Amino acid sequence: MRELLVIGMGPGHPDQITVQAVRALNRVDVFFRIDKGDAKSGLNAARDEILRRHVTRPGYRVVEIPEPSRDRSPSLTAAGYQGAVIDWHEARARLVEAAVAAELGEDGVGAVLVWGDPSVYDSTLRIIDRIQARDTVEFDYTVIAGVTSVQALAAAHRVPLNRVGEPIHITPARRIAGGLPEGLDSAVVMLDSGFTAAGFDDPALTVFWGAYLSTPDETLIRGPLSEVAGEITAARAALRARHGWIMDTYLLRRDGNDEAVSGA
């Protein structure tokens, strides 16, 4: 039976891929790569560098799959956003399904490299489930965990993700557009097309922001949100203009007395 490996490749630095992932890479006959176009060629370059550095097995192939279009209109309602994502998943599933059927032999091993970890705000596992549910191409699959941008952010800023006795809250930006909900004093924000927190009117918030984490282009800014929001907004615009794309995330934390809590 065909086997598909879904491999978490970390935030982008080749050294942050796990030993388990390296072993998996060296079993692969065909790598399936979603091509996001020239504007995001840096993403493909990062994947290529991982293969160049870690794959010693000769004869593997890389198959490009075009990225289907997706409605990313900021004006989408919650229901409209969900519908747009579902349509996008379906379009991706059909393209991946066709590529696996055409390019991977019945006893072959294929792989998809996923930024960060496949289980954290990534669509690959949902798309594979869609393909298997249709039962038109037979394969089994294995998930290889990876380092997430959330972990890379905390390491870069040398801060723990959680404070003593508090949960870790990870959220897409659209869920906190009006500010952190009452009772939530710490949150990691992902999938932010702008810098949503710039509009928050909360002088008690501190932000730990990072872009292109764990790569040579890594950029970090931290400080009281009211003081550095403008700096982050300007940095995002400049970096996007320079690279054609940006991958960033940030931790928001409302000021508290950690030492007092720890002492208690």
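Which side chain does the side chain of Glu-97 make a polar contact with? The partner is the side chain of Arg-134, at 3.4 Å. A polar contact here is a pair of N or O atoms within 3.5 Å; within protein, one must be able to donate a hydrogen and the other to accept it, and residues adjacent in sequence count only if both atoms are side-chain atoms.

## What kind of model this is

This is a predicted model, in which local features need pLDDT of at least 70 and side-chain atom pairs count only at pLDDT 80 or more, while totals for chains, interfaces and linings use all residues. Residues are numbered from 1 along each chain as its sequence is written, and side-chain values use heavy atoms, with hydrogens and water left out.

The mean pLDDT (the predictor's confidence in each residue, from 0 to 100) is 90 for the protein chain, and 94% of its residues reach 70 or more. Contact means heavy atoms within 4.5 Å. Where pLDDT is low, the predicted coordinates should not be read in detail.

Helices (H or I, at least four residues) and strands (E, at least two) are DSSP runs, numbered from the N terminus.

## Around Glu-97

Glu-97 sits in helix α3 (residues 78-103). Its relative accessible area is 11%, so Glu-97 is buried; the cut-offs are under 20% for buried, over 50% for exposed and partly exposed in between (1.4 Å probe, protein chains only). Leaving aside residues up to four places away in sequence, Glu-97 touches Ile-131, Arg-134, Thr-136 and Val-137.

## The parallel sheet

Two strands pair if DSSP finds at least two bridges between them.

Strand β1 (residues 2-8) is joined to β5 by 6 bridges, and Glu-3 has Asp-140 in β5 as its bridge partner. Axes are lines fitted to C-alpha atoms, for helices over the stretch in contact, and angles run from 0 to 180 degrees between N-to-C directions.

## The mixed sheet

Another open sheet, also of 5 strands, runs β6-β7-β10-β8-β9 with mixed pairing. Its edges are β6 (170-172) and β9, each with a single partner strand, so one side of each is left without a neighbour in the sheet. Here the twist averages 20 degrees from one strand to the next. β8 and β10 are antiparallel over 7 bridges, with Gly-210 bridging to Thr-249 in β10.

Helix α5 (residues 149-157) packs on this sheet, touching β6, β7 (186-190), β8, β9 and β10, and its direction makes about 110 degrees with that of β8. α6 packs on the sheet too, touching β8, β9 and β10, at about 160 degrees to the direction of β9.

The 19 residues of α6 (residues 225-243) should span 27 Å at 1.5 Å a residue, and the end C-alpha atoms are 25 Å apart, which agrees. The expected span is 1.5 Å times one less than the number of residues. Buried residues in α6 include Val-228, Ile-232 and Leu-239, and their cover includes β8 (205-211), β9 and β10 (248-254). After α6 comes Gly-244, with a positive phi near 85 degrees.
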